[in-house]
Amino acid sequence: MLAAYQLEHHHLRKTPLSVKDSIPAGTIWIDALEPDEDEREWLSGYFVGGLPGQEKVDEIEASSRFFTDEDGLHINSLFPHKVGQELRSINVSLNLRLDRLISVRGEDLSLFRLLRQYLRQDRIHATGPMELLLHLFALKVDYLSDSIEDVYKILEPASEQVFETENLDELLRMITRQEDSNGKIRLSLLDTQRTLRFLQRYQINQLSKDNRRQLKEMLADIESLLPHTQFLFDKINFMLDATMSFTNLQQSKIIKIFSVAAVVFLPPTLIASSYGMNFNIMPELQQSWGYPMALGMMVASAFGTYYFFKRKGWL
């Protein structure tokens, strides 16, 4: 799906596009959501080097994610996208030119909807593609900050349940899910930091005073958020170690019970085995008190072994 946005009195007006249309005058943003082959071919007509393929967008080296050519600045950036309880990282291809911003994305990301909503509500203002891009990244940093707070809120009560809950499987799934979310948050923060520094380096002459201030504030926010993600990694690893240790402790207790039970019943088994050998000369077998004596010896030996373990503090 293709859409063009024109700036009119600080407001963006959306115009749906098809492959038969031309770009309307005054367009500062072209947004391509899940473009098909025809739409990608239509977009490629506005790129000297052609529209980057998905393989190029997904590459991780800096030279492939941030570069300049005849079409302007190319930025491939990771955007967080929450689906249910899962936080995903979606690569978005952005092309910044003097007169417009072109975005190509494979999913309907909530941050893009939020950007359009804020523009309609006059909560943010954009006078050109650069301001539009900076507002998008500002919303992204805020979203990542909120995501870190969400991980904190989930882990806080979970840390108290490690030694109390009986449903350790669910607790482990929750902890590993938060570890995955925290990893994607950190990766997105680092990717955003590289993006903003790239903008700072290559667009310094096109940045207004407010743009430079906004860039510095976002970079400072990212610097302050990165230690939080490291702290969360340490906390999650501690919780995982504590949970696994508690699980091993519970299993050790069960094995200990079986081991003690086996040792307690070992002397009675020895006595019963002795009288089961059926030798001809075993006087007790011919006496009326032989059977009660054997039972008494077995019970006494079992209780004696149990008392010995109890006195040693092994039970």
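## The main core

Let's start inside: the largest nonpolar core has 60 residues, and Trp29, Phe79, Leu132 and Leu199 have the most contacts within it. A nonpolar core here is a set of buried Ala, Val, Leu, Ile, Met, Phe, Trp, Tyr and Cys residues joined through side-chain atoms within 4.5 Å. Buried means under 20% relative accessible area, exposed over 50%, and partly exposed in between (1.4 Å probe, protein chains only). The elements giving two or more residues to this core are β1 (2-8), β3 (27-33), β5 (72-83), β6 (86-96), α4, α5 (129-161), α6 (168-202) and α7 (209-264). Helix α5 gives the most, with 15 residues. Helices (H or I, at least four residues) and strands (E, at least two) are DSSP runs, numbered from the N terminus.

There is also a second, separate core of 11 residues, which includes Ile23, Ile30, Leu43 and Phe47.

## About the model

This is a predicted model, where local features need pLDDT of at least 70, side-chain atom pairs count only at pLDDT 80 or more, and totals for chains, interfaces and linings use all residues. Residues are numbered from 1 along each chain as its sequence is written, and side-chain values use heavy atoms, leaving out hydrogens and water.

Overall, the protein has 9 helices and 7 strands. Of its 315 residues, 43% count as buried.

## Arg116, a buried charge

Arg116 sits in helix α4 (residues 110-120). Arg116 is buried but has no salt bridge, meaning a side-chain nitrogen of Lys or Arg within 4 Å of a carboxyl oxygen of Asp or Glu. The nearest side chain of opposite charge, Asp31, is 4.1 Å away. (Lys and Arg count as positive, Asp and Glu as negative; His and the chain ends are not counted.)

Leaving aside residues up to four places away in sequence, Arg116 touches Tyr5, Trp29, Asp31 and Arg105. Contact means heavy atoms within 4.5 Å.

## Thr229 in helix α7

Now hop over to Thr229, which lies in helix α7. Thr229 counts as buried because its relative accessibility is 0%. Not counting residues up to four places away in sequence, Thr229 touches Ile148, Asn182, Ile185, Arg186 and Leu189. The C-alpha atoms of Thr229 and Lys184 are separated by 10.0 Å, though the two are 45 residues apart along the chain.

## Listed transmembrane regions

An unreviewed UniProt entry lists residues 254-277 and 289-309 under "transmembrane region". UniProt positions follow the numbering used here, feature names are shortened, and annotations may be inferred rather than shown by experiment.

In the model, residues 254-277 are 83% helix and 0% strand, with end C-alpha atoms 34 Å apart. Residues 289-309 are 95% helix and 0% strand, with end C-alpha atoms 30 Å apart.
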